[in-house]
Amino acid sequence: MAQPFMKKDDDRDDEVEYSPFLGIEKGAVLQEARVFNDPQLDARRCSQVITKLLYLLNQGETFTKVEATEVFFAVTKLFQSKDMGLRRMVYLMIKEISPSADEVIIVTSSLMKDMNSKIDMYRANAIRVLCRITDGTLLAQIERYLKQAIVDKNPVVASAALISGIHLLHTNPEIVKRWSNEVQEAVQSRAALVQFHALALLHQIRQNDRLAVSKLVTSLTRGTVRSPIAQCLLIRYTSQVIRESGNNTQTGDRPFYDFLESCLRHKSEMVIFESARAITELNGVTSRELAPAITVLQLFLSSSKPVLRFAAVRTLNKVAMTHPMSVTNCNIDMESLISDQNRSIATLAITTLLKTGNESSVDRLMKQITNFMSDIADEFKIVVVEAIRSLCLKFPLKYRSLMNFLSNILREEGGFDYKKAIVDSIVILIRDIPDAKETGLLHLCEFIEDCEFTYLSTQILHFLGIEGPKTSDPSKYIRFIYNRVHLENATVRASAVSTLARFGAAVDEIKPRIFVLLRRCLFDSDDEVRDRATLYLNTLGDDGSVVETDKDVNDFLFGPFDIPLVNLESSLKNYEPSEEAFNINSVPKEVKSQPLAEKKAPGKKPTGLGAPPSAPPSTTDAYERMLSSIPEFANFGKLFKSSPPVELTEAETEYAVNVVKHIFDRHVVFQYNCTNTIPEQLLEDVIVIVDSSDAEEFSEVFSKPLRSLPYDSPGQTFVAFEKPEGVPTVGKFSNTLKFFVKEVDPTTGETEDDGVEDEYQLEDLEVVSADYVLKLGVSNFRNAWESMGPDCERVDEYGLGPRESLAEAVNTVTNLLGLQPCEGTEVVPPNSRSHTCLLSGVFIGNVKVLVRLSFGLDGPKDVAMKLTVRSEDETVSDAIHEIVASG
Amino acid sequence: MASNGQCPSIKNILLLDSEGKRVAVKYYSDDWPTNNSKLAFEKFVFSKTLKTNARTEAEVTLLENNIIIYKFVQDLHFFVTGGDDENELILASVLQGFFDAVTLLLRSNVDKREALENLDLILLCLDEIVDGGIILETNGPLIAEKVTSHSLDADAPLSEQTLTQAWATAREHLTRTLLK
């Protein structure tokens with residue numbers, strides 16, 4: 001085939017001459033569509049026009065409502081023609097224009113006629129079209145035909161009906177569910193794909209019935225599955241059944257594992273791969289179970305087909321994250337893939353090797369990677385950079401060569417995301433490997449000398465400001481920073497000024513020199529830069545004297561900014577110019593969405609620059625600061641613990657309220673976070689009325705109402721209770737939200753003067769023993785246990801009764817106690833008959849508590865537990881036992 | 001993991017020319033709601049795969065959390081896209097089915113001009129492979145047969161082409177080459 005080259009060139013000229021759609025125009029084609037109305041239909045010509053219309057739609061052209069309706073009506077005329085080719089195009093056209101509900105009626109009779117036609121092709125296609133455009137009411141009329149079609153002897157018709165069933169199940173589940181018997185019959189069909197479609201539909205019909213799914217899988221794994229793709233589907237359903245039943249088996253053997261393993265010997269690669277992948281994804285898969293799957297994947301690695309190599313290496317890459325040792329056998333095959341033509345495969349091979357490699361192979365690997373980095377795309381480079389970062393954290397001794405590698409690639413060309421990944425990695429290495437700090441900072445300094453990304457420059461400058469002053473020779477970074485003031489844009493200049501000031505504030509020796517530099521910045525052309533320089537010069541004491549920087553000044557300039565910007569923004573918007581100056585302390589510090597954001601956070605990877613060492617203060621700190629700013633709470637002493645927010649309202653109600661329980665030594669403060677979700681209302685004097693009649697030992701001492709609660713801006717009201725000191729007093733409280741409602745016109749924002757008093761019932765709130773226990777892990781449980789000694793040890797045994805599983809029992813007790821599981825002992829290996837869980841924490845009154853829980857299975861489901869508590873105070877040990885006894 | 005317990009699904013099938021322009025495309029998922037986002041995706045995929053050699057064996061890549069299996073012939077680029085937890089080999093079988101069917105339908109003259117001249121067949125072919133994301137058929141000859149079954153009266157099916165027709169096709173190609 002020597003022609004392709006020539007041909008390519010020719011094609012370019014040809015395209016202009018030969019494309020059948022050259023110069024096509026919507027208006028003209030719509031005109032042409034008039035032939036559909038001719039009394040004597042020319043089937044060939046009509047087909048051509050439809051093709052043109054479809055071409056236009058395919059190219060992204062849109063028809064207006066009127067145009068679409070006209071075309072649709074014209075097309076329906078074509079049902080008169082007996083030409084099969086034309087009919088096919090008509091079906092296609094109807095599906096593409098997807099007529100509106102009132103138009104559908106025009107074609108339904110024609111389509112229903114076709115559904116009962118003797119020609120298989122008509123039946124199959126009419127079903128697909130009709131089900132695509134139909135609505136629920138019509139479906140009832142044609143249901144009978146669809147049921148028939150499912151068991152039609154022509155596989156194309158049966159498949160068409162089954163697939164339509166899968167689509168309709170989303171909109172009309174109750175109708176499709178009635179077809180179970182027919183679908184069941186179709187599962188036994190001899191036609192390969194009919195079986196596949198029937199299986200898919202049957203599973204979807206029964207997916208909420210675990211028992212039925214399990215039965216389905218059991219019968220099919222013993223029977224015959226005719227097509228590879230249906231077999232793949234069966235494997236998916238099987239692993240789903242395994243996943244759902246996994247925890248219940250106690251005999252070591254996993255149900256259906258044999259089936260998955262037998263699929264590894266299937267003749268189709270598709271099935272082999274699907275089952276290998278399913279095995280690697282089993283919960284708590286053992287090395288023995290993994291072995292056969294790894295072996296077939298290893299064979300795939302040397303396949304001639306890129307798709308097969310890719311699939312295998314991608315799966316092995318995932319396995320390497322959890323079972324690196326199982327993958328090491330493949331390392332030799334994997335290394336040969338580094339030079340694979342397909343760069344995706346090469347990248348996956350590299351990152352897998354980085355995960356499974358040992359310390360001695362690091363240098364060799366790095367050499368191979370360096371050669372390969374230049375010719376892969378940015379997104380693959382990012383993957384490699386992330387793999388190298390985790391490798392470096394695994395082998396900190398190798399930081400030198402890995403850091404060198406990172407700095408080398410940092411100098412090369414690359415897009416923003418790639419550079420950001422490298423910078424993030426360096427920052428994380430600096431943070432976690434102290435030895436790497438100085439070299440890392442210098443690499444970053446060199447990078448900002450020639451960095452085209454403002455964002456990265458400012459982030460690095462900020463980071464330098466935090467880390468630089470703590471190094472042995474801070475002055476060597478000054479040059480790099482001051483260069484920015486000369487060479488960069490205003491944003492970078494401004495952050496360079498801030499960084500200089502940080503150095504000045506932190507390191508007294510270089511303070512005078514910093515002042516000289518800052519004074520030069522006073523003549524900058526940009527406002528922000530000048531303002532910052534002035535601010536720093538004035539606050540840091542520009543009197544030439546070398547004085548230690550004031551702590552207050554430091555806090556003011558560089559302390560964490562703990563007011564949520566959203567709240568500040570809304571407060572500033574609401575602020576009306578008046579005698580009274582805007583007071584930043586009046587801005588609410590609590591954002592309702594905060595807990596949500598926190599929940600999401602662990603899912604993300606740590607982004608180096610986003611989380612510098614002086615990271616955002618913990619929630620407890622934030623709460624503590626907020627509470628101490630309220631004078632009435634100031635004398636309660638130190639905050640012991642704040643619970644996570646508990647929702648007191650259903651989602652999407654008029655008023656959303658959640659509560660945080662703050663535990664003090666002798667007091668409990670409930671912080672109600674309220675959000676008003678009605679734009680037409682302004683709430684005033686919001687207070688929660690707490691009925692503590694079910695909590696006798698608590699007495700209300702104080703409540704702080706919320707003066708006004710405008711729409712969508714969260715606010716807090718507090719209620720404080722006194723309780724016996726140092727005792728885990730428990731109780732139940734019922735809450736009612738009380739307030740004055742004022743109507744607001746959402747368009748003008750005007751508020752009516754007179755409000756109406758109203759109440760809103762909230763859910764009950766409980767203070768439980770776990771609220772008095774603070775989670776606090778210990779690094780070495782055994783040492784802590786030994787040093788605590790058996791003086792205040794309390795041991796007892798409990799029968800927990802029948803439990804779903806051991807893991808569930810461990811979980812329940814741990815949550816009940818509210819203690820921190822240590823050394824990963826909260827994870828129960830599957831199928832174990834006994835388990836020991838170690839917990840630690842601090843009890844109210846700052847008493848350390850260590851707990852050893854031994855669980856054992858007693859009989860088929862009954863769980864017995866031995867609870868050993870050690871603490872510094874025997875009453876506390878008793879209290880812990882009481883928690884369990886009463887829970 | 002999400003693929004467990006779910007039916008294999010296809011997000012789109014693309015047939016682009018050597019400049020990345022559409023010949024025929026079909027989307028089955030809502031990941032690309034507007035025409036512009038579709039075009040952007042096509043451009044992105046095209047440029048990312050352009051330099052690879054996918055002429056003998058189908059190639060594969062992972063872009064924006066989608067698995068893309070592709071194959072190039074002459075000036076045509078075939079793509080099949082699925083989610084990142086989809087079985088690559090299932091997607092590859094769909095691509096192979098599409099490719100085989102197109103080859104049969106275009107009587108082995110797989111290039112852009114031929115594809116555009118027989119666009120109706122290509123569109124019907126897409127319609128017979130996947131319905132709303134669910135795989136209908138992956139066997140190339142079967143797909144081609146379903147597409148051409150209507151033309152029983154007009155043209156003979158491919159396997160039963162008469163000698164005259166074969167001659168006509170050959171002559172047509174000859175004239176075309178001579179005209180260049």
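Is B:Cys7 buried or exposed? B:Cys7 has 13% relative accessibility, so it counts as buried (buried means under 20% relative accessible area, exposed over 50%, partly exposed in between, with a 1.4 Å probe and protein chains only).

Some ground rules before the exercises. This is a predicted model, where local features need pLDDT of at least 70 and side-chain atom pairs count only at pLDDT 80 or more, while totals for chains, interfaces and linings use all residues. Residues are numbered from 1 along each chain as its sequence is written, chains are lettered from A and ligands numbered from 1 in the order in which they are written, and side-chain values use heavy atoms, with hydrogens and water left out.

**Exercise 1. Find out how many disulfides there are, and check A:Cys232.**

Step 1: recall the rule. A disulfide is a pair of cysteine sulfur atoms within 2.5 Å.

Step 2: search the whole structure. The search over all chains turns up 0 disulfides.

Step 3: look at A:Cys232. Its closest cysteine sulfur belongs to A:Cys263 and sits 8.7 Å away, so that is too far for a bond. A:Cys232 has 0% relative accessibility and therefore counts as buried.

**Exercise 2. Describe the interface of chain A and chain B.**

Step 1: count residues in contact (heavy atoms within 4.5 Å). Chain A brings 67 residues and chain B brings 63 residues.

Step 2: get the area. About 5700 Å² is buried between chain A and chain B, and carbon and sulfur atoms give 54% of that. Buried area here is the accessible area (1.4 Å probe) that two parts lose on being put together, summed over both.

Step 3: look for charge pairs. A salt bridge is a side-chain nitrogen of Lys or Arg within 4 Å of a carboxyl oxygen of Asp or Glu, and chain A and chain B share 9 salt bridges. One of them pairs A:Arg128 with B:Asp131, whose closest N and O atoms are 2.7 Å apart.

Step 4: On the side of chain A that touches chain B, helix H1 (residues 3-18) gives the most, with 9 residues. Helices (H or I, at least four residues) and strands (E, at least two) are DSSP runs, numbered from the N terminus.

**Exercise 3. Read the layout of chain B, then inspect two of its loops.**

Step 1: count the elements. Chain B has 6 helices and 7 strands, and along the sequence they run β-β-α-β-β-β-α-α-α-β-β-α-α.

Step 2: check burial and contacts. Chain B has 180 residues, and 56% of them count as buried. Take the contacts between residues at least 6 apart in sequence: 51% join residues at least 24 apart.

Step 3: B:Glu64 sits between strand S3 (59-63) and strand S4 (66-73). B:Glu64 has a positive phi of about 45°, although it is not a glycine, and at 54% relative accessibility B:Glu64 counts as exposed.

Step 4: move to the loop between S4 and strand S5 (76-83), where B:Gln74 lies. B:Gln74 isn't a glycine either, yet has a positive phi of about 45°. With a relative accessible area of 25%, B:Gln74 is partly exposed.

Technical notes
Polar contact = N/O pair within 3.5 Å; in protein donor to acceptor, adjacent residues only side chain to side chain.
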